[in-house]
Amino acid sequence: MKLNINGKLVEVAADPDMPLLWALRDLLGLTGTKFGCGAGFCGACTVQLDGEPVRGCQTPVSAVGTARITTIEGLSASAWGRKLQDAWVALDVPQCGYCQAGQLLAAEALLRATPKPTDADIDAAMSGNLCRCATYTRIRAAIKQAAAA
Amino acid sequence: MRLNRRAVLRAGVLAGGGLSLGWQLGPARAAAPGVLSAFVEIAADGAIRITAHQPEIGQGVKTSFPMMIAEELDVDWAQVHVVQAQGIRELYGVQLAGGSSATPTQFERMRRLGAAARAMLVEAAARAWGVPAAQITTGSAMLHHTASGRSARYADMAAAASALPAPMPETLALKDPAAFRILGKRIPGVDNRAVVTGAPLFGIDARPPGVMHAAFAKSPVFGGKLKSANRAAALAVPGVKALFDIAERRDLKTQIDVGLPGIEVLPQGIAVIATNTWAALRGRDALACQWEGGDAAFQSSAAWEAAAAKAWRDGPQKPGTINHGDALAKLAGAARRVKADYSYPFLAHAALEPINATAEVKDGKATLWLSTQTPEDARRMVALALGLKPQDVTIHLMRSGGGFGRRLMNDFAVEAAVIARAAGVPVKLTWDRAQDFAHDWLRPGGWHRLEAGLDARGDIIAWHDHFISFGRNGTLDPPAAIDASLFPAGVIRDYRADVTVLPLASTLGWLRAPINNAFAFVTQGFIDECAHACGRDALDYRRALLGPPRAIPIAEEFSGETAADAKGTPYHTGRMRGVLDRAAAMAGWGRTLPARTGMGIAFHFSHLGYFANVVEASVAADGSVKLHKIWVAADVGRQIVNLSGAENQVQGSVIDALGAAMGQRISFADGAVEQRNYGDFPLARMNDAPPVAVEFLATDFPTTGLGEPAYPSLAPALAGAIFQATGKRLRQLPFDTSQLTA
């Protein structure tokens, strides 16, 4: 089947039931999307389908169809994505960094829909993404900085 | 974590803590012109490469350690390119992420490595220009001789410098901290850009050519044996290529950096080799393995609760395990006695990067790509498991997606190596989340029955604890230990701890600020109760308890891991008073608060750091707890290495501790861990996380670490806030908020 990943059509020979997470990581070598819990609790595998954040571990490749897939490797193509990446670097958000790809994809969708998010907006959009190092204080600050940029 | 302190100290000295700096300049210098040591290379094109040798697990060492070198090398941070080291102890010395030990043990050493490289460049310039070295100044990777107006780039002198003998350590002059241009500043992590663009950094991202993917079926009960498996069903899963039976081994006790008595077990199981991770995990499930028996088959949280209650009824197994003064006599004569029972559960590490390891075994050599906190242990264990020499094992040290103490243990590395040898191809082994919980090295649960004797003013004059936790052969396991270094022993002179040991067969380990992460909750909570019993303010009561500023000798335990000038580190009541007062001032302690809102305060010393915090929280009518703000005051000595990373560690530690206090518990039934995923082991989330204000007090003491010591004092401060808000004293972790309804 063909998948539209970060603006490119890519042929992938995956079992239709295979979660998108594993097609990206193991079949296509796009390891920026992370395996965390495999059950939708942590958000480490967050990617976007047509701009909407979804859990890669809960999305069979057969369900993707022609939707545009955006992964962390393609986030820089978005103006909001670049602003968020710059804010993440400047405010030194990551500790271990493992969750941050998912955090950024969730944050990019938030800012596209809500360019000036309130704290409540941030809570609503970001509480599905666990950070085991608990960098939430800085994630919040970086979203606000990107929104102001 | 607590580690094998003697080993750390020994290795720290060997690795250049003093006179042996030269040895580590030797091996690498032969490599190429411009290589000034194993840590510093200045290429002819001007590139300045500094090697980061510590395991990066999110504590920031890949940035902070090169900062130490760069400062004394006298280059601009923007000129530095950081290179990740492999795990090679004979070249780099100790490579260990544990015990918040890296900064206290290696801060001076890293600075000396930078100063040594600078001295070699200065000497090379002095010879080239025929001027005294003492007249040469440096800055921004340039050498200057003002009198003759000459200047050169470091790069111009690097080849000549690398041919010079290593300077004698005692000749090295370190910078006056007032002149620091890198240390103490806010420096973003060197991998930040790679993180935010999804570059492969972590162990789980390793993809050596030809790699196959593995899952490993093993008993959820420690030591269980395979009864049956449906191999045909597993092999029928598309993508599954092979199955290998792995035999149990219990002889892999090679830890050198981690102070556990050693159950390092390769469990019996079946390895499933597949073309992708999903197929491997499906194949593992299709095996539908049945297991029987196991050392830990008896383990049951319900039975342990009953055993603890019985021990409290019947009395301790080991009366007077710690017995200072005469607590029992003082209690008998006390004006007032306060009693309370506290308890806390087993905890898992639950690092977000699932446990994994990638290994290739070929031609009598093994290569591994690992997220590990202890690469040298991994190397030795893999060598032992495969019958190789450690030198034949190469460890690519990958960024860890969280450690928290879990990755001090290298069971996963051994599994991957043994499976890769059987498979004959490179193999990436991935555990799923349920396996991470089932096979963790857990923070042990514990119970404390406390009794304090108060004098007429209400001050504590005696402390008696009947402590119950887990061990083997009648001895508490090291992560379940109680010792006389733990406050309030030492501060309260008449202190007694009785002990009862409950038997356990599965694995215990070190979790962020181990022992302290439980004891602080118990001790500080009980101090609040004593204050309340005599109608005194929680802050003033603590000030009185700490007393005048003085240094109280504590167990050697805390002295072995620091630089020479910190040896014999005592408990400084004055340093604790400093952070206590600062936290109270930051929070505006004593403010009038709305209904069902409260503030709590607590302090704790661990890992050589002094911490106090205040929590403000409100409790809704349904019992739900909302944190408004956390204020943390910290004293980790005279120099913060990286202000950005330091603040991040403290904020993350207290929010991590908040998650644990509000909901985390590991329980056993039928010998196995019951929790399987984050759904039944909740972490704090964005909507739980309050603002966290952090201030560092600079005191004239050695610089110490920050990965752990901010964690312990959060839970008791939160319990204090909840008490003030509701009048309900929570004595059990995690907090049962159903008790808090209006």
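Predicted model: local features only at pLDDT ≥ 70, side-chain atom pairs only at ≥ 80, totals over all residues.
A633(B) belongs to strand β26 of chain B, which covers residues 625–635. Who are its neighbours? Setting aside residues within four places in sequence, A633(B) is in contact with V579(B), R582(B), A583(B), M586(B), A612(B), E695(B) and L697(B).

Now step back to chain B as a whole. Chain B is divided into domain 1 (5–196), domain 2 (203–295 + 349–438) and domain 3 (513–742). Domain 1 and domain 3 of chain B touch each other, with 26 residues of domain 1 in contact with 24 residues of domain 3. On the domain 1 side, the elements that give two or more residues are α1 (5–17), α3 (61–73) and α5 (102–129) of chain B. Of these, α5(B) has the largest share, with six residues. Sorted by class, this side of domain 1 of chain B has 11 nonpolar, 10 polar and five charged residues.

The next stop is where the two chains meet. Here 48 residues of chain A and 49 residues of chain B take part in the contact. In chain A, five helices each supply at least two residues to the side that touches chain B: α1 (20–27), α2 (79–90), α3 (100–113), α4 (119–126) and α5 (136–148). That side of chain A consists of 27 nonpolar, 14 polar and seven charged residues.

The crossing of α3(A) past α5(A) is right-handed. Which residues meet there? From α3(A) come Q103(A), A107(A), L110(A) and L111(A), and from α5(A) come I139(A), I143(A), A146(A) and A147(A). By class, this contact between α3(A) and α5(A) has seven nonpolar residues, one polar residue and no charged ones.

Finally, let us return to chain B for some details of the backbone. Most residues other than glycine have a negative phi, and most peptide bonds are trans. With that in mind, look at the peptide bond from F487(B) to P488(B), which is cis with omega near 10°. P488(B) sits in the loop between β20 (475–476) and β21 (495–503) of chain B. Another cis peptide bond runs from L733(B) to P734(B), with omega near -10°. You will find P734(B) in the segment after α19 (714–726) of chain B.

What about phi? R596(B) is not a glycine, but its phi is positive, at about 55°. This arginine lies in the loop between α17 (573–587) and β24 (597–606) of chain B, and R596(B) is partly exposed because 17 other C-beta atoms lie within 10 Å. D670(B), also a residue other than glycine, has a positive phi near 50°. Its place is in the loop between β27 (668–669) and β28 (672–673) of chain B. D670(B) has 13 C-beta neighbours inside 10 Å, so it too counts as partly exposed.

Notes
Residues numbered from 1 in each chain as written. Chains lettered and ligands numbered in written order. Contact = placed C-beta atoms within 7 Å. Helix = DSSP H or I, 4+ residues; strand = E, 2+ residues; numbered from the N terminus. Nonpolar A, V, L, I, M, F, W, Y, C, P; charged D, E, K, R; others polar. Domains from an automatic or database assignment. Left-handed = near helix turned anticlockwise from the far one by under 90°. Buried ≥ 20, exposed ≤ 12 C-beta atoms within 10 Å, placed from the backbone.
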